[in-house]
Amino acid sequence: MDKNVQEERFTEVIKFTPPLYKQRYQFIKDLVGKYKPKKVADLGCADCTLLWMLKFCSCIEVLAGLDICENVMKEKMHRLYPLPGDYLQPAERSLTVTLHHGSVAHKDPCMLGFDLITCIELIEHLEESELEKFPEVVFGFMAPAMVVISTPNSEFNPLLPGVTSFRHPDHKFEWNQAEFQSWALNIARCYNYSVEFTGVGPPPMGMEDVGFCTQIGVFVRKYSQTSETAHFEKPTKAAYKTVFKAVYPSLKDEKYLQIAVVSEVVFTAEIIKRSLMDHLNSKHEEYSDGPVEIKSIFQHSKNCVSEDLEKLAVEKYMEPSVSGNVVYIPLTKIFSFPKVNQLCGTFENFCKLITGKVTLSSDGSAMVVDTEEENE
(Lines give C-alpha, C1' and ligand atoms only; values in the text may rest on other atoms or scores of the structure.)
Protein backbone atom coordinates (compact mmCIF):
# COMPACT_ATOMS: atom_id res chain seq x y z
CA MET A 1 0.00 0.00 0.00
CA ASP A 2 1.19 3.53 -0.82
CA LYS A 3 2.65 5.10 2.31
CA ASN A 4 0.79 8.37 1.72
CA VAL A 5 -2.58 6.59 1.37
CA GLN A 6 -2.02 4.57 4.54
CA GLU A 7 -0.97 7.69 6.41
CA GLU A 8 -4.17 9.50 5.38
CA ARG A 9 -6.22 6.67 6.89
CA PHE A 10 -4.37 6.94 10.18
CA THR A 11 -4.62 10.74 10.39
CA GLU A 12 -8.16 11.30 9.09
CA VAL A 13 -9.54 11.71 12.63
CA ILE A 14 -6.87 14.34 13.40
CA LYS A 15 -7.93 16.16 10.19
CA PHE A 16 -4.64 17.50 8.91
CA THR A 17 -5.47 20.04 6.22
CA PRO A 18 -3.88 19.75 3.75
CA PRO A 19 -2.91 16.08 4.23
CA LEU A 20 0.35 15.54 6.08
CA TYR A 21 2.33 14.33 3.07
CA LYS A 22 1.37 17.47 1.15
CA GLN A 23 2.52 19.60 4.08
CA ARG A 24 5.93 17.90 3.97
CA TYR A 25 6.26 18.58 0.25
CA GLN A 26 5.13 22.17 0.71
CA PHE A 27 7.77 22.60 3.43
CA ILE A 28 10.45 21.64 0.89
CA LYS A 29 8.94 23.85 -1.80
CA ASP A 30 8.93 26.84 0.59
CA LEU A 31 12.56 26.11 1.49
CA VAL A 32 13.49 26.07 -2.20
CA GLY A 33 11.67 29.37 -2.67
CA LYS A 34 13.69 30.90 0.16
CA TYR A 35 17.19 29.62 -0.62
CA LYS A 36 16.99 29.20 -4.44
CA PRO A 37 19.09 26.03 -4.86
CA LYS A 38 20.03 25.17 -8.45
CA LYS A 39 20.63 21.45 -7.94
CA VAL A 40 18.24 19.37 -5.83
CA ALA A 41 18.16 15.62 -5.19
CA ASP A 42 15.39 13.66 -3.48
CA LEU A 43 16.57 10.42 -1.87
CA GLY A 44 13.77 7.90 -1.52
CA CYS A 45 11.77 9.74 -4.20
CA ALA A 46 9.20 6.91 -4.52
CA ASP A 47 6.40 8.06 -6.88
CA CYS A 48 8.27 11.26 -7.81
CA THR A 49 5.57 13.59 -6.45
CA LEU A 50 8.05 15.93 -4.79
CA LEU A 51 10.21 16.05 -7.93
CA TRP A 52 7.12 16.84 -10.00
CA MET A 53 6.33 19.78 -7.69
CA LEU A 54 9.89 21.05 -7.75
CA LYS A 55 10.25 21.01 -11.54
CA PHE A 56 8.07 24.14 -11.60
CA CYS A 57 10.51 26.08 -9.36
CA SER A 58 12.30 28.46 -11.71
CA CYS A 59 15.58 28.45 -9.74
CA ILE A 60 16.20 24.70 -10.14
CA GLU A 61 18.32 23.57 -13.09
CA VAL A 62 19.07 19.99 -12.03
CA LEU A 63 16.65 17.56 -10.36
CA ALA A 64 17.59 14.02 -9.39
CA GLY A 65 15.70 11.24 -7.69
CA LEU A 66 16.96 8.04 -6.09
CA ASP A 67 14.93 5.07 -4.88
CA ILE A 68 15.51 1.43 -4.08
CA CYS A 69 12.23 0.45 -5.78
CA GLU A 70 12.52 0.86 -9.54
CA ASN A 71 8.91 -0.09 -10.30
CA VAL A 72 7.44 2.62 -8.06
CA MET A 73 9.45 5.29 -9.87
CA LYS A 74 8.53 3.96 -13.31
CA GLU A 75 4.80 4.05 -12.56
CA LYS A 76 4.77 7.84 -12.22
CA MET A 77 7.92 9.07 -13.91
CA HIS A 78 6.01 10.06 -17.07
CA ARG A 79 4.92 13.19 -15.15
CA LEU A 80 8.50 14.43 -15.32
CA TYR A 81 8.63 14.64 -19.13
CA PRO A 82 8.42 18.12 -20.72
CA LEU A 83 4.93 19.21 -21.74
CA PRO A 84 4.02 20.58 -25.21
CA GLY A 85 3.92 24.06 -23.70
CA ASP A 86 7.56 23.70 -22.64
CA TYR A 87 8.50 23.46 -26.32
CA LEU A 88 6.17 26.25 -27.46
CA GLN A 89 7.55 28.63 -24.83
CA PRO A 90 10.96 27.41 -23.64
CA ALA A 91 12.04 28.72 -20.26
CA GLU A 92 15.14 30.86 -19.81
CA ARG A 93 16.64 28.34 -17.40
CA SER A 94 17.87 24.90 -18.35
CA LEU A 95 16.38 21.89 -16.54
CA THR A 96 17.52 18.27 -16.47
CA VAL A 97 15.59 15.64 -14.51
CA THR A 98 17.16 12.24 -13.80
CA LEU A 99 15.98 9.21 -11.85
CA HIS A 100 18.33 6.58 -10.44
CA HIS A 101 17.72 3.12 -9.05
CA GLY A 102 19.92 2.37 -6.07
CA SER A 103 20.48 2.47 -2.31
CA VAL A 104 21.37 5.44 -0.11
CA ALA A 105 23.93 3.14 1.51
CA HIS A 106 26.04 3.27 -1.68
CA LYS A 107 28.12 6.08 -3.15
CA ASP A 108 27.82 7.22 -6.75
CA PRO A 109 29.51 10.31 -8.25
CA CYS A 110 26.25 11.32 -9.97
CA MET A 111 25.08 12.63 -6.58
CA LEU A 112 27.96 15.03 -6.08
CA GLY A 113 27.63 18.81 -6.27
CA PHE A 114 24.04 19.25 -5.10
CA ASP A 115 22.86 22.32 -3.21
CA LEU A 116 19.95 20.60 -1.47
CA ILE A 117 19.27 16.94 -0.70
CA THR A 118 15.92 15.87 0.72
CA CYS A 119 15.17 12.65 2.60
CA ILE A 120 11.41 12.72 3.21
CA GLU A 121 10.15 9.78 5.33
CA LEU A 122 13.17 7.73 4.27
CA ILE A 123 15.41 6.84 7.21
CA GLU A 124 12.73 4.81 9.06
CA HIS A 125 12.67 2.41 6.07
CA LEU A 126 16.41 1.66 6.31
CA GLU A 127 17.88 -1.52 7.73
CA GLU A 128 20.31 -1.02 10.60
CA SER A 129 23.34 -1.59 8.36
CA GLU A 130 22.02 0.96 5.83
CA LEU A 131 21.28 3.51 8.54
CA GLU A 132 24.87 3.20 9.78
CA LYS A 133 26.23 4.01 6.31
CA PHE A 134 23.68 6.76 5.59
CA PRO A 135 25.51 9.68 7.36
CA GLU A 136 28.83 9.04 5.61
CA VAL A 137 27.17 8.69 2.20
CA VAL A 138 24.93 11.76 2.48
CA PHE A 139 26.92 14.15 4.70
CA GLY A 140 30.46 12.90 4.09
CA PHE A 141 30.40 11.96 0.42
CA MET A 142 27.53 13.89 -1.18
CA ALA A 143 28.13 16.83 1.20
CA PRO A 144 25.45 19.22 -0.12
CA ALA A 145 25.01 22.74 1.24
CA MET A 146 21.72 21.70 2.86
CA VAL A 147 20.03 18.43 3.86
CA VAL A 148 16.42 18.06 4.98
CA ILE A 149 15.38 14.86 6.79
CA SER A 150 11.83 14.12 7.92
CA THR A 151 10.70 11.11 9.94
CA PRO A 152 7.66 10.10 12.03
CA ASN A 153 7.51 11.29 15.64
CA SER A 154 6.59 8.19 17.68
CA GLU A 155 5.26 10.36 20.53
CA PHE A 156 2.39 11.37 18.22
CA ASN A 157 1.40 7.77 17.46
CA PRO A 158 -1.05 7.33 20.39
CA LEU A 159 -3.13 10.14 18.85
CA LEU A 160 -3.44 8.26 15.54
CA PRO A 161 -6.33 5.73 15.49
CA GLY A 162 -5.30 2.29 14.31
CA VAL A 163 -1.57 2.73 15.01
CA THR A 164 -0.50 0.06 17.49
CA SER A 165 3.18 -0.19 16.59
CA PHE A 166 4.56 1.63 13.53
CA ARG A 167 2.69 3.78 11.00
CA HIS A 168 3.78 1.64 8.05
CA PRO A 169 4.60 -2.08 7.90
CA ASP A 170 7.93 -1.38 6.19
CA HIS A 171 9.20 0.90 8.98
CA LYS A 172 12.18 -0.55 10.80
CA PHE A 173 11.92 1.98 13.66
CA GLU A 174 10.18 5.20 14.65
CA TRP A 175 11.98 7.66 16.92
CA ASN A 176 10.68 10.03 19.53
CA GLN A 177 11.86 13.64 19.52
CA ALA A 178 14.85 13.06 21.81
CA GLU A 179 16.09 10.07 19.78
CA PHE A 180 15.86 11.88 16.46
CA GLN A 181 17.50 15.03 17.79
CA SER A 182 20.32 13.09 19.43
CA TRP A 183 21.03 11.23 16.16
CA ALA A 184 20.86 14.44 14.10
CA LEU A 185 23.07 16.47 16.44
CA ASN A 186 25.72 13.76 16.41
CA ILE A 187 25.75 13.80 12.58
CA ALA A 188 25.97 17.60 12.56
CA ARG A 189 29.01 17.52 14.86
CA CYS A 190 30.76 14.79 12.89
CA TYR A 191 30.33 16.41 9.46
CA ASN A 192 30.48 20.10 10.35
CA TYR A 193 26.83 20.98 9.84
CA SER A 194 24.41 22.97 11.94
CA VAL A 195 20.88 21.57 12.43
CA GLU A 196 17.54 23.09 13.34
CA PHE A 197 14.43 21.13 14.28
CA THR A 198 10.87 21.77 13.23
CA GLY A 199 8.02 19.76 11.76
CA VAL A 200 4.57 19.61 10.19
CA GLY A 201 1.29 18.34 11.61
CA PRO A 202 0.94 20.15 14.95
CA PRO A 203 -0.60 18.32 17.96
CA PRO A 204 -4.03 19.20 19.39
CA MET A 205 -4.25 22.26 21.60
CA GLY A 206 -2.99 21.59 25.10
CA MET A 207 -0.75 18.70 23.96
CA GLU A 208 2.16 20.76 22.57
CA ASP A 209 4.74 18.58 24.37
CA VAL A 210 3.88 15.71 22.02
CA GLY A 211 5.51 17.64 19.18
CA PHE A 212 4.79 17.58 15.46
CA CYS A 213 3.39 14.46 13.81
CA THR A 214 6.30 14.61 11.35
CA GLN A 215 9.58 15.85 12.81
CA ILE A 216 12.07 17.56 10.50
CA GLY A 217 15.76 18.33 10.77
CA VAL A 218 17.24 21.02 8.50
CA PHE A 219 21.03 20.64 8.21
CA VAL A 220 23.20 23.46 6.82
CA ARG A 221 26.88 23.00 6.05
CA LYS A 222 29.00 25.39 8.11
CA TYR A 223 31.56 26.06 5.41
CA SER A 224 31.69 26.54 1.67
CA GLN A 225 33.41 23.68 -0.07
CA THR A 226 36.63 24.68 -1.80
CA SER A 227 39.28 22.71 -3.58
CA GLU A 228 40.94 22.21 -0.19
CA THR A 229 37.86 21.11 1.75
CA ALA A 230 35.93 19.21 -0.92
CA HIS A 231 35.55 15.47 -0.55
CA PHE A 232 37.66 13.81 -3.21
CA GLU A 233 36.77 10.17 -2.63
CA LYS A 234 35.00 8.94 -5.74
CA PRO A 235 33.88 5.40 -6.50
CA THR A 236 35.54 3.96 -9.57
CA LYS A 237 32.22 2.43 -10.66
CA ALA A 238 28.71 3.86 -10.73
CA ALA A 239 26.54 2.30 -8.02
CA TYR A 240 23.19 3.46 -9.42
CA LYS A 241 21.30 2.62 -12.59
CA THR A 242 19.78 5.55 -14.47
CA VAL A 243 16.16 4.73 -15.34
CA PHE A 244 14.94 8.11 -16.58
CA LYS A 245 16.36 11.33 -17.99
CA ALA A 246 14.62 14.35 -19.47
CA VAL A 247 16.29 17.52 -20.76
CA TYR A 248 13.85 20.40 -21.01
CA PRO A 249 13.93 22.90 -23.90
CA SER A 250 15.66 26.09 -22.83
CA LEU A 251 16.55 29.46 -24.27
CA LYS A 252 20.11 28.67 -23.20
CA ASP A 253 20.12 26.16 -26.06
CA GLU A 254 20.74 28.14 -29.27
CA LYS A 255 18.39 25.87 -31.23
CA TYR A 256 15.40 26.79 -29.05
CA LEU A 257 16.55 30.39 -28.69
CA GLN A 258 16.60 30.80 -32.47
CA ILE A 259 13.09 29.36 -32.78
CA ALA A 260 11.83 31.76 -30.11
CA VAL A 261 13.60 34.78 -31.66
CA VAL A 262 12.38 34.09 -35.20
CA SER A 263 8.83 33.59 -33.93
CA GLU A 264 8.95 36.87 -32.01
CA VAL A 265 10.50 38.72 -34.96
CA VAL A 266 7.80 37.51 -37.36
CA PHE A 267 5.12 38.50 -34.85
CA THR A 268 6.71 41.94 -34.30
CA ALA A 269 7.10 42.54 -38.04
CA GLU A 270 3.42 41.73 -38.54
CA ILE A 271 2.45 44.32 -35.91
CA ILE A 272 4.65 46.96 -37.55
CA LYS A 273 3.33 46.15 -41.01
CA ARG A 274 -0.32 46.36 -39.93
CA SER A 275 0.30 49.65 -38.16
CA LEU A 276 1.89 51.10 -41.29
CA MET A 277 -0.92 49.80 -43.51
CA ASP A 278 -3.57 51.29 -41.24
CA HIS A 279 -1.74 54.62 -41.31
CA LEU A 280 -1.54 54.64 -45.13
CA ASN A 281 -5.22 53.71 -45.42
CA SER A 282 -6.27 56.53 -43.12
CA LYS A 283 -4.15 59.02 -45.07
CA HIS A 284 -5.63 57.91 -48.37
CA GLU A 285 -9.19 58.25 -47.06
CA GLU A 286 -8.55 61.97 -46.71
CA TYR A 287 -8.28 62.17 -50.51
CA SER A 288 -10.85 59.60 -51.62
CA ASP A 289 -14.63 59.27 -51.13
CA GLY A 290 -14.89 55.70 -52.37
CA PRO A 291 -13.03 52.38 -52.09
CA VAL A 292 -9.68 52.10 -53.78
CA GLU A 293 -7.27 49.25 -54.34
CA ILE A 294 -4.44 48.90 -51.84
CA LYS A 295 -1.95 48.86 -54.69
CA SER A 296 -2.79 52.47 -55.56
CA ILE A 297 -2.21 53.45 -51.91
CA PHE A 298 1.26 51.92 -52.08
CA GLN A 299 1.95 53.85 -55.25
CA HIS A 300 0.80 57.08 -53.60
CA SER A 301 3.10 56.41 -50.67
CA LYS A 302 5.94 55.66 -53.02
CA ASN A 303 5.49 58.93 -54.91
CA CYS A 304 5.32 60.96 -51.68
CA VAL A 305 8.42 59.53 -50.15
CA SER A 306 10.90 59.26 -52.96
CA GLU A 307 11.47 57.98 -56.47
CA ASP A 308 14.07 55.63 -55.01
CA LEU A 309 12.05 54.40 -52.01
CA GLU A 310 13.70 50.98 -51.66
CA LYS A 311 17.13 52.51 -51.28
CA LEU A 312 15.92 54.85 -48.54
CA ALA A 313 13.77 52.25 -46.83
CA VAL A 314 16.65 49.98 -46.04
CA GLU A 315 18.70 52.68 -44.35
CA LYS A 316 19.35 51.52 -40.78
CA TYR A 317 17.51 54.22 -38.88
CA MET A 318 14.57 54.76 -41.23
CA GLU A 319 10.98 54.04 -40.27
CA PRO A 320 9.22 51.18 -42.12
CA SER A 321 8.23 51.97 -45.70
CA VAL A 322 6.28 50.40 -48.55
CA SER A 323 7.48 49.70 -52.07
CA GLY A 324 5.19 47.86 -54.46
CA ASN A 325 3.93 44.77 -52.69
CA VAL A 326 6.49 44.67 -49.88
CA VAL A 327 7.17 46.47 -46.62
CA TYR A 328 10.75 47.19 -45.55
CA ILE A 329 11.20 47.10 -41.76
CA PRO A 330 14.66 48.14 -40.54
CA LEU A 331 16.19 45.54 -38.23
CA THR A 332 17.00 48.29 -35.73
CA LYS A 333 13.26 48.97 -35.47
CA ILE A 334 12.47 45.32 -34.73
CA PHE A 335 15.38 45.03 -32.29
CA SER A 336 14.06 48.03 -30.35
CA PHE A 337 11.03 46.00 -29.21
CA PRO A 338 11.61 44.89 -25.57
CA LYS A 339 10.86 41.18 -26.05
CA VAL A 340 13.21 40.87 -29.04
CA ASN A 341 15.89 42.87 -27.26
CA GLN A 342 15.56 40.74 -24.12
CA LEU A 343 15.83 37.47 -26.04
CA CYS A 344 18.88 38.45 -28.09
CA GLY A 345 20.89 40.67 -25.77
CA THR A 346 22.92 42.32 -28.52
CA PHE A 347 22.12 43.53 -32.03
CA GLU A 348 24.93 41.35 -33.42
CA ASN A 349 23.41 38.24 -31.84
CA PHE A 350 19.98 39.27 -33.14
CA CYS A 351 21.29 39.47 -36.71
CA LYS A 352 23.06 36.14 -36.35
CA LEU A 353 19.92 34.34 -35.11
CA ILE A 354 17.57 35.55 -37.85
CA THR A 355 19.95 35.29 -40.82
CA GLY A 356 18.64 32.67 -43.21
CA LYS A 357 15.37 32.38 -41.28
CA VAL A 358 13.57 35.52 -42.55
CA THR A 359 13.73 37.47 -45.83
CA LEU A 360 16.14 40.40 -45.67
CA SER A 361 16.84 43.32 -48.01
CA SER A 362 19.82 43.14 -50.36
CA ASP A 363 22.11 44.89 -47.87
CA GLY A 364 20.76 42.88 -44.91
CA SER A 365 19.64 45.92 -42.90
CA ALA A 366 15.87 45.46 -43.18
CA MET A 367 13.32 42.67 -43.08
CA VAL A 368 11.16 42.30 -46.18
CA VAL A 369 7.49 41.46 -45.56
CA ASP A 370 5.05 40.63 -48.36
CA THR A 371 1.76 42.57 -48.43
CA GLU A 372 -0.18 40.14 -50.63
CA GLU A 373 -2.33 39.02 -47.68
CA GLU A 374 -3.31 42.64 -47.10
CA ASN A 375 -4.20 43.06 -50.79
CA GLU A 376 -6.57 40.13 -50.55
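Student: Where does Met 77 lie, and between which helices is its loop?

Tutor: Met 77 lies in the loop between helix H4 (70-76) and helix H5 (84-88), where helices (H or I, at least four residues) and strands (E, at least two) are DSSP runs numbered from the N terminus. Please keep in mind that this is a predicted model, in which local features need pLDDT of at least 70 and side-chain atom pairs count only at pLDDT 80 or more, while totals for chains, interfaces and linings use all residues. Residues are numbered from 1 along each chain as its sequence is written, and side-chain values use heavy atoms, leaving out hydrogens and water.

Student: Does Met 77 count as buried or exposed, and why?

Tutor: The general idea is a cut-off on relative accessible area: under 20% is buried, over 50% is exposed, and anything in between is partly exposed (1.4 Å probe, protein chains only). Met 77 has a relative accessibility of 15%, and therefore counts as buried.

Student: Which residues does Met 77 touch, if those up to four places away in sequence are not counted?

Tutor: A contact means heavy atoms within 4.5 Å, and by that rule Met 77 touches Leu 99, Val 243 and Phe 244. For the protein chain as a whole, among contacts between residues at least 6 apart in sequence, 72% join residues at least 24 apart.

Student: How many helices and strands does the protein chain have?

Tutor: The protein chain has 14 helices and 11 strands, and buried residues make up 47% of its 376 residues.

Student: Which strands pair in the parallel sense, and which in the antiparallel sense?

Tutor: Strand E2 (residues 62-67) pairs with E3 in the parallel sense over 6 bridges, and Leu 63 stands opposite Val 97 in E3. On the other hand, E3 and E8 pair in the antiparallel sense over 6 bridges, and here the bridge partner of Val 97 in E8 is Ala 246. Strand E1 (residues 39-43) is parallel to E4, which it joins over 3 bridges, with Asp 42 opposite Thr 118 in E4.

Student: How many residues of E7 are buried?

Tutor: E7 is mostly covered, with 7 of its 8 residues buried. Strand E6 (residues 193-200) runs antiparallel to E7 and is joined to it by 8 bridges, while E5 pairs with E7 in the antiparallel sense over 7 bridges, Ser 150 having Ile 216 in E7 as its bridge partner.

Student: Which residues have the most contacts inside the largest nonpolar core?

Tutor: In soluble globular proteins, nonpolar side chains tend to be buried together. A nonpolar core is a set of buried Ala, Val, Leu, Ile, Met, Phe, Trp, Tyr and Cys residues joined through side-chain atoms within 4.5 Å. The largest one here has 41 residues, and those with the most contacts inside it are Ile 28, Val 32, Leu 54, Ile 60, Leu 99, Val 148 and Phe 244. H2 gives the most to this core, with 7 residues. Not counting residues up to four places away in sequence, Ile 28 touches Leu 50, Leu 54, Thr 118, Ile 120 and Val 148. A second, separate core of 34 residues includes Leu 66, Val 104, Ile 117 and Met 142.

Student: In what order do the 3 strands of the other open sheet stand?

Tutor: Their order is E9-E10-E11, and the pairing is antiparallel. The edge strands, each pairing on one side only, are E9 (321-323) and E11 (366-370), and neighbouring strands are turned by 30° against each other on average, direction ignored.

Note on methods
Two strands pair if DSSP finds at least two bridges between them. Axes are lines fitted to C-alpha atoms, for helices over the stretch in contact, and angles run from 0 to 180 degrees between N-to-C directions.
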